[in-house]
Structure formats: C-alpha cells, structure tokens
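Subject: A structure for you to look at

Dear colleague,

My notes on what was found in it follow below.

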Amino acid sequence: MAWRSQLSRNLKELRILFCQTSPSSASARSFVEQNYKDLKTLNPKFPILIPECRGIEPQIWARYDMGVERGIRLEGLTEPQILKALEDLVKAGASLKA
C-alpha cells in the first residue's frame, strides 16, 4: 500500500463528506475511523478535510493541480471498496502529472 504515502505528491487536497448519523454513511464513517490516522501520519502536511455535513450523501473528493477535482459517491460501498476508490483517485493524480 505504498500509494498511501503518495497522497501529498499526487493530490492537493482530499475531502471526505458524510453524515454523522445516517445509516448510508456508516461505512464512510468507519473508513475514516480506521484509516485517517495512518493517512495523516504518512502525509503530515497534506490537507485531509472532513467537514460536518448533516444529511449529505457520502462522497470523497480529490483536488489536483490546476483546480481539477474528481469525486466518487460512497453510498453502498464497503470499507475495502472505499479504500480502493481512494487508491484510484491517488493513481489518477499521478497520471494527470504525466
């Protein structure tokens, strides 16, 4: 999982949005609880934003160079699927630099 340390190289910002109480956001909440510390330890100065968003559909957004953004809806995804979606966003950032 070397891609985890590439967040700060391939992205400018990561936003994870979910509702604190809705069942549809349960896996996104769990993902943050299980992975935030590791991601932040590997990328200490990288902005990982988790705004409070009551009633919102769970989503993950990556901002790249030149203001390019990509988002993925997380509703119905499991924790491993969310991790794979994040990995795909990080790898997409590497391809945008080429």
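A crossing of two helices is called left-handed if the near helix is turned anticlockwise from the far one by less than a right angle, and right-handed if it is turned clockwise. By that rule, the crossing of H2 and H3 is right-handed. The contact, meaning heavy atoms within 4.5 Å, is made by Ser27, Ala28, Ser30, Phe31, Gln34, Asn35 and Leu39 of H2, together with Glu79, Ile82, Leu83 and Leu86 of H3.

Please keep in mind that this is a predicted model, in which local features need pLDDT of at least 70 and side-chain atom pairs count only at pLDDT 80 or more, while totals for chains, interfaces and linings use all residues. Residues are numbered from 1 along each chain as its sequence is written, and side-chain values use heavy atoms, with hydrogens and water left out.

Arginine 4 counts as buried (under 20% relative accessible area, with exposed over 50% and partly exposed in between, using a 1.4 Å probe and protein chains only), because its relative accessibility is 7%. Leaving aside residues up to four places away in sequence, arginine 4 touches Asn35, Asp38, Leu39, Leu42, Asn43 and Leu83.

Finally, the end C-alpha atoms of residues 20–93 lie 29 Å apart, and this span is 43% helix and 16% strand.

Terms used: Helices (H or I, at least four residues) and strands (E, at least two) are DSSP runs, numbered from the N terminus.
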